[in-house]
Amino acid sequence: MPELPEVETTRRGIAPVLEGARIRELVVRERRLRWPVPRGLEKRLRQQEITALRRRAKYLLLETTVGTALLHLGMSGSIRIVDPKSAPEKHDHFDIVTTQGDAVRFNDPRRFGSLLWGGADPTKHPLLAKLGPEPLDAGLTAEYLHASSRGRRVSIKQHIMNSHCVVGVGNIYASEALFHAGINPTRAAGRLSLARMHRLVNEIQKVLNSAIKQGGTTLRDYRNGNGKPGYFHQQLAVYELEGTACKICTTPIRRRVQGQRATYYCPDCQT
DNA sequence: ATGCGGACCTGTTAGC
DNA sequence: TGCTAACAGGTCCGCA
């Protein structure tokens with residue numbers, strides 16, 4: 001999936017056809033996503049005006065005059081704008097069709113994505129209520145990260161990937177940010193100094209902003225809302241680069257598993 | 001409260 | 001060429 005830069009790129013790609021438009025209909029072909037698409041969502045959304053398309057963490061928030069629908073891309077979800085009359089392809093699970101004649105079509109082979117109803121105040125929805133700060137907002141500071149990790153024995157990589165701590169730092173960018181910050185991903189979160197947290201926050205923001213600017217990372221088959229691939233892949237320093245020379249010291253990059261996820265790092269630069 | 005493993009799925013690729 | 005196993009961008013849940 002889609003890490004945060006891909007979700008943000010998607011949001012920017014489809015916002016122009018959704019914001020200010022009216023929903024003609026929601027067409028659901030497969031309800032069995034991460035959670036079942038709620039029965040009756042079609043009726044709820046019909047004829048509603050979309051006031052905004054926002055993002056919170058990796059959720060897209062489709063705001064209408066009667067409430068907000070929540071859309072998550074999971075690991076393999078993607079969205080494209082199509083002609084609503086065009087034949088759906090494999091794994092095209094639903095369309096949001098506007099009265100303007102556009103369709104936002106959701107495709108997700110693994111079905112880890114979701115489409116849910118967030119109600120009138122989506123910040124109160126259980127999936128959103130306890131999320132940590134946005135990584136690119138003022139809420140993520142070194143002081144916050146330092147304070148939130150005291151006493152925690154989890155590794156710093158798992159800590160920054162925990163959405164209750166901070167949202168939007170996925171598996172690729174966690175490895176990348178830790179590399180640029182010179183921090184060993186296995187280090188206990190609770191033992192990192194404030195100075196190192198400053199560096200880490202700075203690198204998280206740099207790597208995410210840079211990836212957004214490049215249109216997201218393309219691994220395998222990711223495409224943004226316009227069907228164009230992202231270009232950040234070319235700039236990855238460690239992710240999926242096991243055995244290649246570290247760009248700083250030429251030591252071979254290593255791979256290990258933390259919390260059942262692959263981590264890539266330089267054993268010499270990251271301490 | 002924290003930390004860990006398992007769960008949800010399909011598709012691609014590496015290895016035999 | 002074909003079969004099998006490992007692995008993949010997320011993140012919630014339940015148990016110890």
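Predicted model: local features only at pLDDT ≥ 70, side-chain atom pairs only at ≥ 80, totals over all residues.
When residues up to four places away in sequence are left aside, His 125 touches Leu 70, Leu 116, Trp 117 and Gly 118.

## Two domains

Chain A is divided into domain 1, which covers residues 4-124, and domain 2, which covers residues 142-265. The C-alpha centres of domain 1 and domain 2 are 28 Å apart.

## Helix 4 and its buried side

Helix 4 spans residues 142-149, and within this helix Ala 142, Leu 145 and Ser 149 are buried. These residues lie on the same side of helix 4, because they cover an arc of only 70 degrees around the axis.

Just after helix 4 comes Gly 151, which takes a positive phi of about 80 degrees.

## Helix 6, an enclosed helix

Helix 6 is made up of residues 171-181, and it is largely enclosed by the rest of the structure, because ten of its eleven residues are buried. Among them are Asn 171, Tyr 173, Glu 176, Leu 178, Phe 179 and Ala 181. The elements against which the buried residues of helix 6 pack are helix 1 (4-18), helix 5, helix 7 and strand 10 (261-265). After helix 6 comes Gly 182, whose phi is positive, near 70 degrees.

## Arg 199 in helix 7

Arg 199 is found in helix 7, and with a relative accessible area of 45% it counts as partly exposed. Although Arg 199 and Ala 181 are 18 residues apart along the chain, their C-alpha atoms are separated by 5.6 Å. Leaving out residues up to four places away in sequence, Arg 199 touches His 180, Ala 181 and Gly 182. Of these, Ala 181 is also one of the buried residues of helix 6, while Gly 182 is the residue that follows helix 6.

## Cysteines without disulfides

A disulfide is a covalent bond between the sulfur atoms of two cysteines. A search of the whole structure finds zero disulfides.

Cys 269 is partly exposed, with a relative accessible area of 22%, whereas Cys 165 counts as buried, at 5% relative accessibility.

## Around DNA strand B

The residues around DNA strand B include Lys 90, His 91, Pro 109, Arg 110, Arg 111, Phe 112, Arg 152, Arg 153 and Gln 260. Among the atoms of DNA strand B within 4 Å of the protein, 57% belong to sugar or phosphate, and the rest belong to bases.

Some arginine side chains can be followed to particular parts of DNA strand B. In Arg 110, an N or O atom of the side chain is 2.9 Å from a base oxygen, while in Arg 111 a polar side-chain atom lies 3.1 Å from a sugar or linking oxygen. For Arg 152, a polar side-chain atom lies 2.5 Å from a phosphate oxygen of DNA strand B.

How values were computed:
Residues numbered from 1 in each chain as written. Chains lettered and ligands numbered in written order. Heavy atoms only, no water. Domains from an automatic or database assignment. Buried < 20%, exposed > 50% of the residue type's maximum accessible area, 1.4 Å probe, protein only. Helix = DSSP H or I, 4+ residues; strand = E, 2+ residues; numbered from the N terminus. Arc of directions from axis to C-beta. Disulfide = S-S within 2.5 Å. Near = heavy atom within 4 Å. Polar contact = N/O pair within 3.5 Å; in protein donor to acceptor, adjacent residues only side chain to side chain. Contact = heavy atoms within 4.5 Å.
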